[in-house]
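Reader: I would like to go through this structure with you, from the overall fold down to single residues. Could you show it first?

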Amino acid sequence: MLSGAPSSTKSVNRGPGLTDVGVVGAGPVGLAIAWRCAQRGLRVSVYDDRPGSGASRVAAGMLAPVAEAYFGERELTGLLVESAARWPAFAAELAEASGVDLGHRTEGTLVVGLTADDLAEAGRLWSYQQGLGLPITPLRPSALRDREPALATRVRGGAVAPGDHQVDPRRLVAALRVAAERAGVTFRPTRVGTLSEVDARVTVVAAGCGAAALTGLPVRPVKGQVLRLRAPAGGPPGFRHVIRGYADGEPVYLVPRADGEVVVGATVEERADVEVTVGGVLRLLHAAAELVPELTEYALVEAVAGLRPGTPDNAPVIGALPGRPGMLAATGHHRHGIVLTPVTADLITELIVSGEPDPALAPFSPARFSKERPWN
């Protein structure tokens with residue numbers, strides 16, 4: 001059993017003011033853990049001086065276990081698929097609990113290639129994804145444009161991933177905040193400098209890039225620049241599917257929202273600043289307009305950069321910190337923080353309540369880095 005964790009919600013000694021769980025970080029993962037723990041009858045405090053201001057503020061919100069399945073990441077892909085399968089019920093429950101529309105859309109994703117080289121590059125990945133049994137089906141250009149007439153006539157081909165959906169991360173954070181408060185979670189508007197400042201039986205570090213300084217985990221910032229456009233005349237975008245593609249070798253995604261917004265992203269830069277650069281904006285706009293020409297008539301309403309919490313193997317860090325009783329990590333989600341929110345919250349909550357880790361946590365345990373970077 002995890003030292004410091006209650007063996008069950010019934011056995012917790014609830015003295016006055018006693019906190020069972022302290023969650024450091026009020027992004028989607030931290031908020032979802034807090035909400036789930038409160039639902040199980042635990043007293044929970046969330047520590048964050050700027051809730052929802054991290055990577056989720058910039059994220060596009062793609063729930064893409066298929067399109068995000070990459071070579072050499074088989075175990076991560078399995079976790080993505082499992083979490084995506086939980087999303088419909090999670091979204092429905094959260095919307096009911098909070099009264100907030102999450103912008104959850106299920107039209108699916110089109111993955112396209114502008115040139116023959118782009119199509120060949122994409123095709124290698126589709127073959128790998130199909131080999132894993134994932135639902136992705138190649139389409140000819142005419143079939144693509146039947147689904148999305150807004151696609152450029154130059155697009156050479158693509159594929160459809162019908163189970164890759166989307167949600168609005170900013171609405172997700174707002175909904176989780178409301179649901180957590182209604183479930184009895186206490187919010188402490190403070191920045192945690194050391195974990196000794198958290199007064200709780202169990203501490204969960206869900207602080208994104210900030211987890212490195214708090215835990216010593218090898219979590220690094222990976223910069224991403226993202227644009228938000230607005231369709232003309234207050235109408236909806238001229239396409240319904242999420243479009244992910246390659247345009248002359250440049251990867252780009254376009255995420256349409258029902259309210260007329262289109263999210264265009266994202267750069268991947270091994271640097272820790274959050275400056276928006278001319279080069280980054282130019283690359284994204286050029287690639288996006290090559291795939292969907294009508295975007296040149298849209299308004300550019302926001303250009304922003306954020307920092308993804310990356311790890312050496314691109315997989316999240318979820319579970320008990322070795323040699324540190326009562327300390328758990330839920331960080332390092334890199335590109336996948338939104339899609340992995342439900343499964344991370346469920347696994348961490350069950351670990352806290354039962355004291356026993358689910359076997360699904362094994363590949364993502366913090367212990368896999370303990371030899372590289374010993375604990376203090």
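Reader: What should I know about the model and the numbering?

Author: This is a predicted model, in which local features need pLDDT of at least 70, side-chain atom pairs count only at pLDDT 80 or more, and totals for chains, interfaces and linings use all residues. Residues are numbered from 1 along each chain as its sequence is written, and side-chain values use heavy atoms, with hydrogens and water left out.

Reader: How many helices and strands does the chain have?

Author: The chain has eight helices and 16 strands. These are DSSP runs numbered from the N terminus, with helices (H or I) of at least four residues and strands (E) of at least two.

Reader: And how compact is the chain?

Author: Its radius of gyration is 21 Å, close to the 21 Å that the globule rule gives for 376 residues, so the chain is as compact as a globular protein of that length. The radius is taken over C-alpha atoms, and the rule is 2.2 Å times the number of residues to the power 0.38. The C-alpha trace spans about 65 × 45 × 35 Å along its principal axes.

Reader: What share of the residues is buried?

Author: Of the 376 residues, 55% count as buried. Buried means under 20% relative accessible area, exposed means over 50%, and partly exposed lies in between, with a 1.4 Å probe and protein chains only.

Reader: Where is Ser-83, and what does it touch?

Author: Ser-83 lies in helix α2, residues 74-98. Leaving aside neighbours within four places in sequence, Ser-83 contacts Val-339, Leu-340, Thr-341, Pro-342 and Val-343.

Reader: Is Ser-83 buried or exposed?

Author: Ser-83 counts as buried because its relative accessible area is 0%.

Reader: Which residues does Val-242 touch?

Author: Not counting residues up to four places away in sequence, the partners of Val-242 include Met-62, Gly-108, Thr-109, Leu-110 and Gln-166, as well as Leu-254, Val-255 and Pro-256. Val-242 belongs to strand β11, residues 242-247, and is buried, with a relative accessible area of 1%.

Reader: Now the backbone. Where is the cis peptide bond?

Author: The peptide bond from Gly-265 to Ala-266 is cis, with omega near -15°. Ala-266 sits in the loop between β13 (261-265) and α7 (278-291).

Reader: Why ask about such backbone details?

Author: Most residues other than glycine have a negative phi, and most peptide bonds are trans.

Reader: Which phi values are positive in residues other than glycine?

Author: Ala-233 has a positive phi of about 60° although it is not a glycine, and His-334 has a positive phi near 50°.

Reader: Where are these two, and are they buried or exposed?

Author: Ala-233 is in the loop between β10 (220-230) and β11, and is exposed, with a relative accessible area of 88%. His-334 is in the loop between β16 (327-331) and α8 (341-354), and is buried, with a relative accessible area of 10%.

Conventions:
Contact = heavy atoms within 4.5 Å.
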